[in-house]
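Hi there,

Here is the structure I promised to pass on to you. Please open it beside this email and follow along as you read.

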Amino acid sequence: MIKIAKQGLFFLVCIFFFNAYPQRNDADSLLNLLQTSKEDTGKVIILNKLCEAYRSVNPEKALKYAKMGLSLSELLEYKRGIALSYENFGIISQNKGEYDAALEHFLKSLKISEGLGDEPAIIAMLRNIGIIY
């Protein structure tokens, strides 16, 4: 019985390691890209990807990148970037147990996505809203 428990623990540690390691490599690569990117929609995408990479391991850092992505998206009037930023705010809030704030962010993202006719984003936001309820 103890042998099975040790094997199970080893399995969980391996899953954690292999899931966390690629995120760090992804984040490192994205940080390198961020250094050389122009102030355009490409940079917004990088900022939102950085937010995704950090939101479950470092929510404060994820929030920083989401805010930067939102600010640049608003400056560029890049509506898809604005919707992505609100989605990231929603997921961060949800992970913190702040469900009212998460719902508010998901609804903002949904409204923008509907205006763009972005069906995959609409489906994702409806799913996220459903999870809140």
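**A salt bridge to start with**

The side chains of Lys108 and Glu104 form a salt bridge, with 3.7 Å from N to O. By salt bridge I mean a side-chain nitrogen of Lys or Arg within 4 Å of a carboxyl oxygen of Asp or Glu. Lys108 and Glu104 are four residues apart in helix H5, so about one helical turn separates them. As background, an α-helix has 3.6 residues a turn, so residues three or four places apart point the same way. Lys108 is partly exposed, at 34% relative accessible area, and Glu104 is partly exposed too, at 45%. (Buried means under 20% relative accessible area, exposed over 50%, and partly exposed in between, using a 1.4 Å probe and protein chains only.)

**What you are looking at**

This is a predicted model, in which local features need pLDDT of at least 70 and side-chain atom pairs count only at pLDDT 80 or more, while totals for chains, interfaces and linings use all residues. Residues are numbered from 1 along each chain as its sequence is written, and side-chain values use heavy atoms, with hydrogens and water left out.

The chain has six helices and zero strands, so-called DSSP runs numbered from the N terminus (H or I, at least four residues, for helices; E, at least two, for strands). Of the 133 residues in the chain, 38% are buried. The accessible surface of the chain is about 8500 Å², and carbon and sulfur atoms account for 60% of it; such areas come from the Shrake-Rupley method with a 1.4 Å probe, and for residues only the protein chains shown count as cover. Take the contacts (heavy atoms within 4.5 Å) between residues at least 6 apart in sequence: 49% of them join residues at least 24 apart.

- Glu60 and Lys96 meet through their side chains at 3.3 Å, N to O. Glu60 lies in helix H3 and Lys96 in the loop between H4 and H5, so this pair ties together parts that are 36 residues apart in sequence. Lys96 is partly exposed, at 38% relative accessibility.
- Asp118 and Arg80 meet through their side chains at 3.0 Å, N to O. Asp118 sits in the loop between H5 and H6 and Arg80 in helix H4, so the pair links parts that are 38 residues apart in sequence. Asp118 is buried at 17% relative accessibility, whereas Arg80 is partly exposed at 23%.

**The nonpolar cores**

In soluble globular proteins, nonpolar side chains tend to be buried together. A nonpolar core here is a set of buried Ala, Val, Leu, Ile, Met, Phe, Trp, Tyr and Cys residues joined through side-chain atoms within 4.5 Å. The largest one has 22 residues, and those with the most contacts inside it are Leu34, Leu50, Cys51, Tyr54, Tyr65, Tyr86 and Phe89. Helices H1 (2-36), H2 (41-54), H3 (59-76) and H4 each supply at least two residues of this core, and H2 gives the most, with seven.

Which residues does Tyr65 touch, not counting those up to four places away in sequence? They are Leu31, Leu34, Leu47, Leu50, Cys51 and Tyr54. Apart from this core lies another, of ten residues, among them Ala102, Leu103, Leu110 and Ile129.

**The last helix**

Helix H6 covers residues 119-132, and at 1.5 Å a residue its 14 residues should span 20 Å; the end C-alpha atoms are 20 Å apart, which agrees. (The expected span is 1.5 Å times one less than the number of residues.) Its buried residues are Ala121, Ile122, Ala124, Met125, Asn128, Ile129 and Ile132. Seen down the axis of H6, these fall within an arc of 165°, so they line one face of the helix; the arc is that of the directions from the helix axis to the C-beta atoms. On the other side of H6, Glu119, Pro120, Ile123 and Ile131 are exposed. The cover over the buried residues of H6 includes helix H4 (79-95) and helix H5 (99-116).

**Two residues to look up**

Ser93 lies in helix H4 and is buried, with a relative accessible area of 7%. Leaving aside neighbours within four places in sequence, Ser93 is in contact with Glu98, Ala101, Ala102 and His105.

Glu77 lies in the loop between H3 and H4 and is exposed, at 68% relative accessibility. Its phi is near 55°, a positive value in a residue other than glycine.

Happy exploring!
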